[in-house]
Amino acid sequence: MQPAHDYFKLAQRRQFFASSGLSLGGLAYAMLSGQTATASPSSATQVHPPLPGLPHFAPKAKRLIYLHMNGAPSQLDLFDYKPGLQEHYDKDLPDSVRNGQRITTMTSGQARFPVAPSKFEFKPRGKSGILMSELVPHMHEIADEITMIKSVHTEAINHDPACTFVMTGSEIPGKPSLGSWLSYGLGSESNDLPAFVVFTPTFPAGSQAQALFTRMWSSGFLPTSHNGVALRGSGDPVLFIRNPPGVTKDDRRKMLDALGQLNEGTHARLGDPETQTRIAQYEMAFRMQTSVPELTDLESESKETLEMYGPNVGKMGTYASSAILARRLIERGVRVVQILHRGWDQHNNLPRLISNQCEDVDQPTAALIKDLKQRGLLEDTLVVFGGEFGRTVYSQGTLTKENYGRDHHPRNFCMWMAGGGVRKGLTYGETDDFSYNIVENPVHLNDLNATILHCMGIDDRRLSFRFQGLDQRLTGVETPKVIHDILA
Amino acid sequence: MLTRNQTRGSLAAALLSLLATLLVPHSASAEDEDRIDFNQEIIPILSDKCFACHGQDEEQRAADLRLDNAADATADRDGSPAIVPGKPDTSLVWERISTDDPDLKMPPEDSHKTLTAAEKETIRLWIQQGAEYREHWAYVAPEKAEIPASEFDHPIDAFLDHSRRERDLPHNERADRRTLIRRVTLDLTGLPPTLEEVRAFVADDRPDAYERLVDRLLDRPTYGENMARSWLDLARYADTHGLHLDNIRSMWPYRDWVVQAFNDNLPFDEFTRWQLAGDLLPAPTREQQIASGFNRCNVSTSEGGSINEEWIYRYAVDRTSTMAEVWMGMTAGCAVCHDHKFDPLSTHEYYSLYAFFHSAADPAMDGNKQDTPPVLKLYSEEEKEQIVALRKDLEAVEQQVKEAVASFDYTDPGTLDPAPEPEETETVWFEDGFPAGANVQSSGAPLKLITSGEGPILSGDMALQRTAGGLEQDYFSSGAVFSVPSGGTIFAHCYLDPENLPEAIMVQFHTDGWKHRAVWGAEEKIPFGKSDSTEKVLMGELPEAGQWVRLEVPAAKMGLKPGQKVTGYAFTQFAGTVTWDRMGVVSRVDRANDASWSFAAWKKKNQGKRNNDLPEGLRQLVRGKQPDQWSEEEANQIFEFWIENFYAGTGEELAALKSRKTKLKNQIEKAESNVPVTLVMADLKKPRESFVMLRGAYDKPGDKVSRNVPAFLPPLPETEDGDYDRLDLANWLVSGSHPLTARVTINRFWQQFFGAGIVKTSGDFGLQGEPPVHPELLDWLAVEFVEHGWDMKRLVRLIVTSEAYRQDSTVTPSVLERDPENRYLARGPRLRLSAEVLRDQALFHSGLLVNKMGGEGVFPYQPPNIWEPVAFGGSNTRFYTQSTGDDLYRRSLYTFLKRTAPPPFMSTFDAPSREQSCTRRERTNTPLQALQLMNDVQYFEAARAFAERMLKEGGATPESRLTWGWETTTARPPTKKELALVTELLDDYLNRYQNDETAAKEVITFGESKPDEKLNAAELAAYTLVGNLLLNLDETINKN
């Protein structure tokens, strides 16, 4: 019907929830128990409020954008500059460096472990002088906005367990993802969009793409309402957001008006609070039918902004389009946006293939940071960029100056963070001359996740969920360390 | 206030206390409230703060002191016991935890643990109250309490009545017949009742009408389909391996077995034995072996670079933890890394359980194939006969080949004078199938060789055909070898289906990698190789469709060099239907010097070399000895092998025999591949040694362990050698004296019907789990279950015939406030239907549901791009190819389940991904669910088909039709007000669609099934929207 009418109905319903002692089920219960209502001015009307007591302290970042380069980008060719390697070209990796560390069975049979120096030129970038290679020219422009961590490490040496770990803090499937934990703990500031949105954009043809798994954004043992919702590149952007053919918005409105009344009748008869929740969810579904198309319509973006994200920004489903939509989502109060870009598993032909990958993500990534900044959003939005592990200094397969491949290397890799709560222009952690071992300030992925939670106002020890007899946490059993040195 | 200590000293006080207990049975007296609960309050403190050094872990134990049992904790210890019951002040424990002296304080500084003041006080009080250690309720075998006296006859109600009275909770009257039949039919069969069934039940005035209904429902095959759902969640059943490529796994015979087992009412003890150890039963039947596949349902990997030991370890951990959770409600996973903090399960004990599963015979790498061994092939009698016959034929042909070779009249062209001139020769690489021995693989649907009845054939008897949803191919890269002749031209024949054109086709050749390709059509669709190079020769447009076309590419153009070994080839396509036949190479051959023509030339070429195309014995011979050193017999053996396998000029007779041999081999393979296969459990002949894995690391073995069960549970029966296997473990679980198995099992049944179990944490009966809300009832049911032979149908019948189950579900604010989760059953259960039931219900009302039971997973409607954006390029579950026809409308149980991207209609409604065992599904309530039920084609099409039924079966007036529709979905006729509302809505829609014919057409043609053309489009469209409404009613998506 008319928007005014819709609003009126909604307001009535909210009032009902706010005043009725009956509403103990699901959503209504959550609203009533939102004891931190005073912490954030908008939460009085929040459909998905934070858990009581959360955030634990004033957050530096209210939202998270996580850019995951799936397949493991080579730290040696992007951010971890090792000038000394040229001298070691095609020489064996010294045993003292490898030190008997395990390697995958893809290269454990290799007779030699010849060192492959990066063929790409490195230089200090920005005023801060963070080192980056020529592969990411646009990122050079945001060097002064980020903290580069060169000493991230994990245990998993294969993609499936490593991807599962980087996103859920466990190599074994079944645990909630980072975004789901944040949705669970902090709720959503948007009443018309999900709290946690995921993109799985296209990637260059011919790249060595590893699989993704829905468990990377699933809610695990948390209620499934905290699942990441995939914003899709083709078809319906959100599943079933479109009415069936021949059904208009008005048709749907009429049905929902009737449905609402009939369900109110059911509630009056049976008294089940879930019925009230259901009525509210159907209304939210209806609102999403408007808010999602509005979200994906880039009409209102300026020409300059669009150009900044590069030529693919208008093509739904690309990384560039996902990047600008990420910004639009967080503007609308979405808590977590995760972009999972595939194709970074370069066991061979690395120089050619990584160039293609960088071409796909470099410009939009830099644009996202700049765009957030120009809108004042970077201050309280945390952006994370990285992969599931790193790559080896020794070549897998053919080695020439111009061509080489690299195997999996979990012992150190690079990730960077920018925005809410993170220092600008800092390089943190150091590796040895072969980028094979960490020599200073190791950051385990659990530490990194604890730091992310910290930025979002969460003490990782205190965000837990009882499952299988244990208070389960994103960051595992042992207490991780929040990396205070990188926090502003 | 009376404390236990005081009562001990005074008989009068004891009597008083007893009297108080009798007067206020089980009520929370002041004494009880202040009494420290050992399990709830003390154990968590002790285990977290003390047991690390003073617990069961011997290695870490300090001061030789244990606090985890009364005997050790109260031992004299040279006059300074740690705990003196009743006397905190003389207890060393209190002294040490209450001191401020940093040298004496417990827990010590370096443990990084501290006790809060409240925790200290709790311990002090506990000691003062007598420091009673108690065994955890769930580890003591259940006993049947007397059924309390009550107005209710049904034992369940008698127990509940008792607890409700204690809490002053009322109970509801029985639900009306309509609500009841819908509730129980949905709960037992997963489908709603038909309108006729509802009306017949309402009219059935026999006193036992309800019991009769229950019996009828228990007898339906749909009962098993419904009950299987929760069990498959526990078993983590799915149709893919779950990790990395997440390829297809053939496991569905196990799923069908579960359905059958529920329908056959296999007693739960057998049900347990077969699944945990069916393979170890004496002379196991086919069903028992299939059932053992329970242990094979875990996720597995074949990711390149993986380390075998790591995965063997993980699979065993998964199987152990699953067994412990499913049968014992034990969260054993904690003990993988350290002694369980709360439950008395040590790491050593965990790995003793793990040892039962650690010798499983399945490999670390699943090979990305559907039949990772050990498997059971499920031959039908017909298939068996057919394959035996084919093998017999093959034997005969092999004999004939042998004879033909032996008597082959061969003259070496190398010995002719003058030597023969070079001439044009065709060598066939593909005809009637891939070469024998080749390890053929396919991406997309399985390989399909067609015969002339099935499609176009160019030559021979068979051709290769594929219908692809995207990039798909049939190929091999090992197992057969061809040689590239000099100046050769590769040819292949293809037939493109003009009705379903591909976008691109390609042939590829494997040498030391896939490096030689030629592509026709939209080359960018096939991303392999560098465009316009030998890696990807661009051949231009697609060949003409609807006829056989001979494609030719000079071998050199693809970078194939003379003499080079081709160790594999691929037929590749993007989309469309493509048939391939007769492929090979033509060249001008100089026979006198060609190893394929002249035996002398071959000998010269291979002498002293390792030729991997020769069988082991001959390979040694050729490599190790000069030809002139060969004995006559050896020389003959090599010659005959050469003639059969390498000689290009065998002549028609031998060629025909060889082709027959290939064909038979392919036929056998094809027949074999049609035979259903299922993963089963088996142990290695020689068991692996098992060790405690330190901190759960697969590469850090500690103490060696042998198979055994935890000490806090009943022991295994003694055996002569002290050795046990999985069957002993299974027997132990269902021996009847195990304190956990029956409780855990009946609790899950309870959960299924009432939403929450009597123990809410149905997967955790340990110290951290929630205690039962009705302990006597739980135990009574558990014992009853065992006493009646673990009869599952009997248990289900017992539950659903209780008044608790049959009550009206209406709830008042006052009851809701006191019992929001309905644990005390003051009202009947009202719960949102499960994912599968919601879809099945819609299909059922629409009349579209296809009742066929069992078989391979099907592919119902699924929006595009659920699999594609996540799947690995080489995965055979990368492209979702939707089923057509009946398979779109099968029960949801049969939907193919890909674990890394489960079907949205399932996951949106809380179905687990089956990556690990799931004891309890959530019931969320989200906007995405609303969107799905309103807009998903499978629900909307169902609404249209349902609308057709309203129009045809619902009488002639809108009123009767709407009433019929309403009554069908909710099992009750609408009220006047409801009918008026729906009628108004129908009128609105009628009006709208009469004025918009195009929209009406769109509405009624959404989905694959066709609407009845005789019906008026606008009317049908209007009813479709009303149907959509009815299927979205809160009353329809719940059992009420």
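Two residues count as in contact if their C-beta atoms, placed from the backbone, lie within 7 Å. With that cut-off, the contact between chain A and chain B takes 70 residues from chain A and 81 residues from chain B. The model is predicted.

Start on the side of chain A that touches chain B. Four helices each supply at least two residues there: helix 2 (26–32), helix 6 (159–168), helix 8 (249–270) and helix 9 (273–296) of chain A. Helix 8 of chain A gives the largest share, twelve residues.

Now take chain A by its domains. Domain 1 covers 1–33 + 247–301. Domain 2 covers 43–234 + 316–486. Taken over C-alpha atoms, the centres of these two domains of chain A are 37 Å apart.

Move to chain B and one pair of helices. Helix 12 (residues 221–235) of chain B packs against helix 13 (residues 252–263) of chain B at an angle of about 120 degrees. Their axes lie 7 Å apart. The angle therefore makes helix 12 of chain B oblique to helix 13 of chain B. The crossing of the two is right-handed.

Which residues make this contact? From helix 12 of chain B come Pro221(B), Tyr223(B), Gly224(B), Glu225(B), Met227(B), Ala228(B), Trp231(B) and Leu232(B). Helix 13 of chain B brings Arg255(B), Val258(B), Val259(B), Gln260(B), Phe262(B) and Asn263(B). Together, the residues of this helix contact divide into nine nonpolar, three polar and two charged.

How values were computed. Residues are numbered from 1 along each chain as its sequence is written. Chains are lettered from A and ligands numbered from 1 in the order in which they are written. This is a predicted model: local features need pLDDT of at least 70, side-chain atom pairs count only at pLDDT 80 or more; totals for chains, interfaces and linings use all residues. Axes are lines fitted to C-alpha atoms, for helices over the stretch in contact, and angles run from 0 to 180 degrees between N-to-C directions. Angles under 35 degrees count as roughly parallel, over 145 as roughly antiparallel, 65 to 115 as roughly perpendicular and the rest as oblique. A crossing is left-handed if the near helix is turned anticlockwise from the far one by less than a right angle, and right-handed if clockwise. Ala, Val, Leu, Ile, Met, Phe, Trp, Tyr, Cys and Pro count as nonpolar, Asp, Glu, Lys and Arg as charged, and the others, Gly among them, as polar. Domain bounds come from an automatic or database domain assignment.
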